[in-house]
Amino acid sequence: MAEKVGATARVSTVFGEPVEKEGRTVIPVAQSMWGSGAGSGMSDGEGSGSGAGGGAFTRPMGYIEVTGQGASFVPLAK
């Protein structure tokens, strides 16, 4: 499971594809969080069991604007 989650934890997941227009480049920025858990147990005479689960959460945060004068992060309105 960790291998599958790690495969999606790339820069492009948090920083979207840049958009260029009229001398400006805009790079979307998001916050991503991943979590996972697993467990197992045994019981005297009752058998055993195990399980695992995971989840992910991503939300847009703002964008980076790049111009000839420099770069700045512009947060989305709260």
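**Salt bridge first, then the sheet**

Student: How many salt bridges does a search of the whole structure find?

Tutor: There is 1 salt bridge in the whole structure. Keep in mind that this is a predicted model.

Student: Which side chains meet in that salt bridge, and at what N to O distance?

Tutor: R24 and E65, with 2.6 Å from N to O. R24 sits in strand β2 and E65 in strand β3, so the pair ties together parts that are 41 residues apart in sequence.

Student: Is R24 buried, exposed or partly exposed?

Tutor: R24 counts as partly exposed, because its relative accessibility is 43%.

Student: What about E65, what is its bridge partner in β4?

Tutor: That would be S72. Y63 has a bridge partner in β4 too, namely V74.

Student: OK, switching to the fold. In what order do the strands of the sheet come?

Tutor: The order is β1-β2-β3-β4, in an open sheet of 4 strands with antiparallel pairing. β1 (19-21) and β4 (70-75) are the edge strands, each pairing on one side only. On average, neighbouring strands are turned by 25 degrees against each other, direction ignored.

Student: Over how many bridges do β2 and β3 pair?

Tutor: 19 bridges, in the antiparallel sense, with β2 covering residues 24-43. One of the pairings there puts Q31 opposite R59 in β3.

Student: And how many bridges join β3 to β4?

Tutor: 6 bridges, again antiparallel, and β3 spans residues 47-67.

Student: How many residues lie between the strands in the hairpins, starting with β2 and β3?

Tutor: The β2 and β3 hairpin has 3 residues between its strands. G45, in that turn, has a positive phi of about 75 degrees. In the hairpin formed by β3 and β4, 2 residues lie between the strands.

Student: Back to side chains. Which strand does S32 lie in?

Tutor: S32 is in strand β2.

Student: Buried or exposed, that S32?

Tutor: S32 counts as buried, because its relative accessibility is 16% and the cut-off for buried is under 20%.

Student: What joins the side chains of S32 and T58?

Tutor: A polar contact of 3.1 Å.

Student: Last one: which way do side chains point along a regular strand?

Tutor: In general, they alternate between the two faces of the sheet.

Notes: Residues numbered from 1 in each chain as written. Predicted model: local features only at pLDDT ≥ 70, side-chain atom pairs only at ≥ 80, totals over all residues. Heavy atoms only, no water. Pairing = 2+ DSSP bridges. Axes fitted to C-alpha atoms, helices over the stretch in contact; angles between N-to-C directions. Salt bridge = Lys/Arg side-chain N within 4 Å of Asp/Glu carboxyl O. Buried < 20%, exposed > 50% of the residue type's maximum accessible area, 1.4 Å probe, protein only. Polar contact = N/O pair within 3.5 Å; in protein donor to acceptor, adjacent residues only side chain to side chain.
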